[in-house]
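Here is a friendly walk through one model, with an eye on its strands and its packing. Have a look at the structure first, and then we can go through it together.

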Amino acid sequence: MESLLATAAADPVFSGFQVQSYGSLLLPDHPIRFGFQVDIVPDNCPSSIIFGLVSRDPVNGGHAKTTGFAVRVDLEMREIWDVLNGSGLVGWVEHPNGLAGFTDEEPLLLGWEIECHGQALIPKLVVADQQWLYPAIQCPHPMVMETVIGWQGEWDRDPRSTFLHPALWREQLPVLTAQEPEAMAA
């Protein structure tokens with residue numbers, strides 16, 4: 001069976017990028033918060049990287065479509081671009097000292113934090129100390145989300161020495177009963 005990442009890598013969105021995964025997560029049918037984060041030192045990275053959480057869902061007769069959340073970080077221009085949902089330019093990597101401000105001791109954090117409520121995935125993108133709300137998507141159950149990190153072109157470094165401290169995490173959210181919202185309003 002072909003891995004989720006291998007089939008997603010065939011998507012035109014990822015053309016020209018070498019991609020790898022640091023794990024996947026099966027979304028349950030109850031509310032959770034989950035995310036993926038990694039640290040980078042821009043001086044040790046290729047100039048263009050992709051970072052995300054993606055899924056492949058069959059659409060219209062078995063063809064799969066990549067869904068989820070992914071951005072391309074252009075380290076030369078310090079721009080952050082949406083690559084899956086057509087949102088265009090999301091923002092810029094900011095630091096008072098430019099990219100030189102991110103070092104081995106204080107790396108650049110890339111993170112996704114997503115809340116799953118019913119069939120809605122509500123994401124937040126975190127880059128350094130900035131946060132952006134991102135377009136929500138619907139998720140059919142069951143759904144597997146896989147982490148994606150990629151770089152453009154040939155690159156001779158070991159990704160494990162560049163993409164530092166990768167973490168895929170999850171936590172259960174409290175399930176409110178029908179009476180709890182009324183009690184909270186009183």
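How many residues lie between S8 and S9 in the hairpin that they form? There are 2 residues between these strands, and Gly118 in the turn has a positive phi of about 60°. Please keep in mind that this is a predicted model.

| Strand pair | Bridges | Direction | Opposite residues |
|---|---|---|---|
| S3 and S8 | 9 bridges | antiparallel | Arg33 and Glu115 |
| S8 and S9 | 8 bridges | antiparallel | Glu115 and Ile122 |

Now for the packing. The largest nonpolar core has 39 residues, and those touching the most other members are Leu27, Phe34, Leu108, Leu110, Trp112 and Leu121. Among the elements that give two or more residues to this core are strand S3 (32-40), strand S8 (108-117) and strand S9 (120-127). Apart from this core lies another one of 8 residues, including Phe14, Ile50, Val54 and Val83. Leaving aside neighbours within four places in sequence, Leu121 is in contact with residues including Leu27, Phe34, Phe69, Ile114 and Glu115.

In one of them, the ring centres of Phe69 and Trp112 are 5.8 Å apart and the planes meet at 35°, so the pair is tilted. Phe69 belongs to strand S5 and Trp112 to strand S8, so this pair ties together parts 43 residues apart in sequence. Both Phe69 and Trp112 are buried. Elsewhere, Tyr22, Phe36 and Phe51 form one aromatic cluster.

Terms used: Residues numbered from 1 in each chain as written. Predicted model: local features only at pLDDT ≥ 70, side-chain atom pairs only at ≥ 80, totals over all residues. Heavy atoms only, no water. Core = buried A, V, L, I, M, F, W, Y, C linked by side-chain atoms within 4.5 Å. Buried < 20%, exposed > 50% of the residue type's maximum accessible area, 1.4 Å probe, protein only. Helix = DSSP H or I, 4+ residues; strand = E, 2+ residues; numbered from the N terminus. Contact = heavy atoms within 4.5 Å. Phe/Tyr/Trp six-rings, centres within 6.5 Å; stacked < 30°, edge-to-face > 60°. Pairing = 2+ DSSP bridges.
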